[in-house]
Amino acid sequence: MPPLPSGSAPAIALHDVSKRYGRRWALARLTYALPAGRSLLLTGHNGSGKTTLLRLIATALGPTAGRVEVLGRDAVKDRDSVRRDVALLSHASFLYEDLTAQQNLMVLGRLLGVDAPQDVADALLNRVGLNRRTDSPVRGFSAGMRKRLAIARLLMKAPALALLDEPFGELDPQGIQDMEGVIAELKAGGTTVVLATHLIEQGLSLCEERLHLQDGRAVVA
Amino acid sequence: MNKFVKFGLPALTLALLGAGWWLGLAWAPPDREMGEVQRIMYVHVPLQWMAMMAMFINFVAAVTYLMRQSWKTDAMAEASAEVGLLFGTLGMITGSIWGRPTWGVYWSWDPRLTSEAILLVSYTGYLVLRRFVEDPEKRAVWSAVVAIIGAINLPIVWFSVRWWRSLHQVQSSPKTVDPQMVLPLRVSAFGMLALLILFMVHRYRIALAERKAEVALPEALPTDDPALRASHSSKVA
Amino acid sequence: MSAPKPRRSPGLLATTLVLLRKDLLIEWRTRARLNALVFFAMATLLLFSFALGPDTKLLERNAGGYLWLAILFASVLSLGESFRVETENACLDGVRLAPADARAIFLSKALGNALLLLALAVVLVPVMVALYGVRIVTGVGDLAGILVLGSLALSAPGTVYAAISSNARARDVLLPLLLFPLVIPALLSAAKGTTLVLQGDPMQQLGSWQGLLLGFNLIYWGVGFVLFPRVIED
């Protein structure tokens, strides 16, 4: 599947999008378009709706109202197609505690129909610097190692759109540097990146566009 | 409509139930075998019928909700399950009271009774689930799934219990209905139907108001009122 | 970057097998938990004999029912556990977004749970034979049929309800409350069938109980297949 054709449909288009959790509006009537080929920095305080927005774009959630378009496709109607091209690095790692690093990656590889999933998994573990922990169960991993494995999981999908929720959190300075390298590499490979982070400096150096959220609404930065 | 629900429906309910029960207690003859005790039938049987009807409404509301989401069908599902559970429980209690002098026991494991007991437990579970899920959308979807699965189970339970019992001995419950008993039964049944509708309408309104309150709090931002919306955005910008 | 493309998305059956393999691998790697489940079920069997006193005739006559009650109690634990694994790091989201067909998730979970219960039943039968002094009269094949059908019958609706209750408050109470009334027909026919296998079947009733179990399975595997996606998708 080729990456998005740049210059045509926006990578992400939000039309009057709202999302409610029980009694609370997490996003309120958000309208925004991210031009194709540009990367987005998402800022805002805790609870401002960043994570909800990323989960909506990733189709982990459905909007309460409004329409989300990802890579020119409707995030509700063409959900499976969107899911194939989008990868989410979330607060929750999506990692099975009782499986090893390699097994975790291989499960995803098999679900995606990747050829030779074990070789791909080993290459990715090498890439994120976990090659010595290939056969260790995730339960013994530190927070930083989990983050590294989660990014390997994201790379396994080779997504056209990568959604990164606080990718620098829980990483040491070396880890932050490595993560910046991975993001730069993703962008060089033609992947659109959406980055939600508190580290605005790092974010601004990596992204061309910026969207600031406050109480679930867009604020001009 | 509002006036009818407030005054007409309660009056109609009282009149029909009063007439039906007066006919049943004073006008109809006592049962030849069971004697005066049998007169509880005019309460018990209508209660059971209406419980069944409420459960059927619940099933239809659940299916409708899964096909087309709306708070109205969800509220209807909640109302029908709760009222149905009330009527079913009362029906079961009156049945036990009837059963003691007639069969000599409060309870027997006959298919009808057993199935109903299982049904009541299922709907208790359904209502507990509704209490334990805060997110109104998830609550509506999950409880609809549980309602459908529970309703599908009912015929299976009935058949399996009948087989299970038939391997021991058949418990026959004589249901010989004298023509003079038909009229009071029919009038009480319509009275009970009016009571069911009355309860359902009120419970439905409460449920719908609760849903509305859950999904639209004062600080809820996306409002359809443009004036409110403008004031909100100006505060932030 | 070495992009692992091109790929062909696996179909429903292939996805089911990938997920089933993953679940069985997790079960294997946490087999201490599995052992605890077996001992729990055995303790249940043992407790029935204490609860009913030393009346060996009574125990012998009701052995089939006790066996299935022990399996049912254990199934509540194993069903809850199979979804606790998925909620721990939001793994179910990870699988959904992979993307994996929600129906494949249902099939893999239900099959995995059925296999687990079947293995448990196979371990429990000799214990039952020893504790209650019963013997298999009609044949091992009949017993195997009942065990397979019964395990499948508990796990299909159990998977749907475990997915629901794993996200609700008080999930440990909710799952049995929802599941027990639902599986009564399955419990009834499995217990009856087992009793016939153990006591002899002079009136040829075993077939109809197996038929009832089969029907129960067909209905709830179908219903689960259709409704499960609505349960886990937002």
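Colleague: Which residues of chain C does UniProt list for "transmembrane region"?

Modeller: The unreviewed UniProt entry lists residues 34-53, 65-83, 104-131, 143-164, 173-191 and 211-232 of chain C under that name; UniProt positions are given in the numbering used here, feature names are shortened, and annotations may be inferred rather than shown by experiment. The model itself is predicted, so local features need pLDDT of at least 70 and side-chain atom pairs count only at pLDDT 80 or more, while totals for chains, interfaces and linings use all residues. Residues are numbered from 1 along each chain as its sequence is written, and chains are lettered from A and ligands numbered from 1 in the order in which they are written.

Colleague: What makes residues 104-131 of chain C helix or strand?

Modeller: Helices (H or I, at least four residues) and strands (E, at least two) are DSSP runs, numbered from the N terminus. Residues 104-131 of chain C are 100% helix and 0% strand, with end C-alpha atoms 40 Å apart; residues 65-83 of chain C are likewise 100% helix and 0% strand, and their end C-alpha atoms lie 27 Å apart.

Colleague: What is the mean pLDDT of chain C?

Modeller: On pLDDT, the predictor's confidence in each residue from 0 to 100, chain C has a mean of 91, and 97% of its residues reach 70 or more. For the complex, the predictor gives an ipTM of 0.90 and a pTM of 0.89.

Colleague: How many residues does the contact take from chain B and from chain C?

Modeller: Two residues are in contact if their C-beta atoms, placed from the backbone, lie within 7 Å, and the contact takes 23 residues from chain B and 24 residues from chain C. On the side of chain B that touches chain C, α5(B) gives the most, with 14 residues.

Colleague: What kinds of residue make up that side of chain B?

Modeller: The side of chain B that touches chain C divides into 18 nonpolar, five polar and no charged residues, where Ala, Val, Leu, Ile, Met, Phe, Trp, Tyr, Cys and Pro count as nonpolar, Asp, Glu, Lys and Arg as charged, and the others, Gly among them, as polar.
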